[in-house]
2 protein chains.
Amino acid sequence: MPEKLLLIPGPTNVSEVVRKAMSGPQLPHVGAEFYATFKEIIGLSRQVFRNEKGVQFVFTGSGTIGMESSVTSLVSRGDRTLTLSSGYFGKRMLMLNQIHGAVAESIDYPEGGHADPDDLRKKLKGSNYSAVFMTHVDTSTSVANPIKELVAECNAAGVLSVVDCVCSIGGLPLEFDKLGADIVFTASQKALAAAPGAVLLAASDRAIQAMERRESPIESYYMSLLRWKPVMEDPRMYLATPATQVLQGLRQALSEVMSEGLDARWARHRKLGELAREFVSAHGFGFVADEGYRSDTVTSIWVKDGMAGPIQKTMESDHGVVLARGIYEAKDKMIRIGHFGNLQPDVLEAALASLDATVSGLASAEPVQMAERT
Amino acid sequence: MPEKLLLIPGPTNVSEVVRKAMSGPQLPHVGAEFYATFKEIIGLSRQVFRNEKGVQFVFTGSGTIGMESSVTSLVSRGDRTLTLSSGYFGKRMLMLNQIHGAVAESIDYPEGGHADPDDLRKKLKGSNYSAVFMTHVDTSTSVANPIKELVAECNAAGVLSVVDCVCSIGGLPLEFDKLGADIVFTASQKALAAAPGAVLLAASDRAIQAMERRESPIESYYMSLLRWKPVMEDPRMYLATPATQVLQGLRQALSEVMSEGLDARWARHRKLGELAREFVSAHGFGFVADEGYRSDTVTSIWVKDGMAGPIQKTMESDHGVVLARGIYEAKDKMIRIGHFGNLQPDVLEAALASLDATVSGLASAEPVQMAERT
């Protein structure tokens, strides 16, 4: 069976070489070979995050574990926190704050709306939030938030900032040192094009100090970034057995990212985003995300209620292309096209041509485009 | 480079077929193919755990995540808990209870000592512990605790029991339904011979009810077994992106376990344990674990202080066999031989012959055996 093209917001297709890297003999996680692999992963991750100043973390997990580790490590019970909620993952970040005992407030944006730096500035004025949580790209809507401006507002107010970069790092420009955020994290299976199973996270010295200065200890073992920090510096320290094969694949994927070069990779993703948006505009679909805030890594579009399923099904069965639908209530009327990782523009163009054919075929019965949400 | 033989207490060598299962094209975690894989994994795990009555869990993680999920899901702040501590992992379970706010007590056994059902019975008498935590095999000492008797004491006292079976399930006889424990868990890379990256856990209905009846909610998202339960029943539910390749390998490994048959597999491990113990006795090394409580999956022995390093090094460089040393203070005077997973008795015998040669070679300078800890 030929490999399907995954145009979902992760996981994405992984290269043959990454796959091969995951299928070697089992390495002991306590030997020199694995230690060397791990150090290389940390070094490559620093390059990919453009993180020279902060602490770099890589451990077994997922974006969810990255998010929860950030919350539980940084937030003490009773802390006031603010979450900018512009989609499913924003809502989840708010929920994690609540689970971990924060007095958690949020600014909630309508579906497709982006977080607004002006709203944030007003909210931060005279407040005593200990941290602000935001998503760079919320894959549920494909909104790309203006994180530079948002983080700048946090820094101006002296508040820690945490940015979920799960659907951006490796695809959208993100430079940890320059951005000035306190924690950013992603997962291996997104724009870095490795297999799922690892979280990659950068934390500023200020974030680490805030964890060290907590009055009450971090209420987790595995999710404590303070416990992981010495392991990152010396992998001979034991915290938990790592998913060695996932990490071997990740090393290969990260080195492929750096071989392409970050700037070239970002430019390719910009091109992918443009191609997707041109297609959507030309075919009369409605964008879910606000104009000017549409991610170059994923494009969510409205379709006629009930048509998301048939489109997805036909694309997979007839063209070998896997698309995603909307989450929960949007599942029958939203299609999400992931375009990141190793995807080349000509491959996306061919897939969009298939989508064109699919839509035309289905439209012979009735139109499937929708300019707005029904 | 030929594959090394891993005689460490995990990870263990994985079969060619398992490795191949991990290197296929990336599967979307939201498609029919992965759902079918996941359901098969749950079904096979039930067989391997002999768990028909309880809830079966499999999710991305490690033994550590299994342990912490059990603690945080079951224990509310202020609960009194008891940990039977017979080694490093017992100590860690105690620490996890403390981190999660339990009024955590322990019965501490000396290195190599086993948890004693009489001690437990006395301690439980008139007490109000909400749960008792214990390890089946503590890989730091290779003690196999008498969990049948220990769990029976818990059940007689009406106290929930949690058993860390990381170094036992798939190697030592363990039947969840018959045992009557409330939670048991293991990790993929031990006696099940899959790659690291997944936790497998069984919970009794009573354990689930205890979680549901908590007065305060579980203080974690990813580690909440109550949140994972619906995903286990219907993998279309989303909690976090699973490590799909690790799980594809796990499915293959579990089906290899069931092809061999649990009873045959347990008998093979009994044989492996006997071979290791015969070697140790014949060569005058001291056992770390109490007689009668030595695991069939791992054997820890005392060597002359300073010799653990040279033995380990020579075995790897000259014979391609990787052994483990003791943990922390024991690292220079303890050797740990893992013998589980796919290991066949003749392969262990050959490795023990190499160990014999190694010890003889090193002993030409000075004897390396030690009957007891120095």
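What should the 12 residues of helix 12 (residues 308–319) of chain B span at 1.5 Å a residue, and how far apart are its end C-alpha atoms? The expected span, 1.5 Å times one less than the number of residues, is 16 Å, and the end C-alpha atoms are 16 Å apart, so the two agree. Helices here are DSSP runs of H or I with at least four residues, and strands are runs of E with at least two, numbered from the N terminus.

A word on the source: this is a predicted model, in which local features need pLDDT of at least 70 and side-chain atom pairs count only at pLDDT 80 or more, while totals for chains, interfaces and linings use all residues. Residues are numbered from 1 along each chain, chains are lettered from A in the order written, and side-chain values use heavy atoms, without hydrogens and water.

In contact (heavy atoms within 4.5 Å) are 53 residues of chain A and 53 residues of chain B. The rule finds 2 salt bridges across this interface, taking a side-chain nitrogen of Lys or Arg within 4 Å of a carboxyl oxygen of Asp or Glu. A:Arg77 forms a salt bridge with B:Glu219, with the closest N and O atoms 3.2 Å apart.
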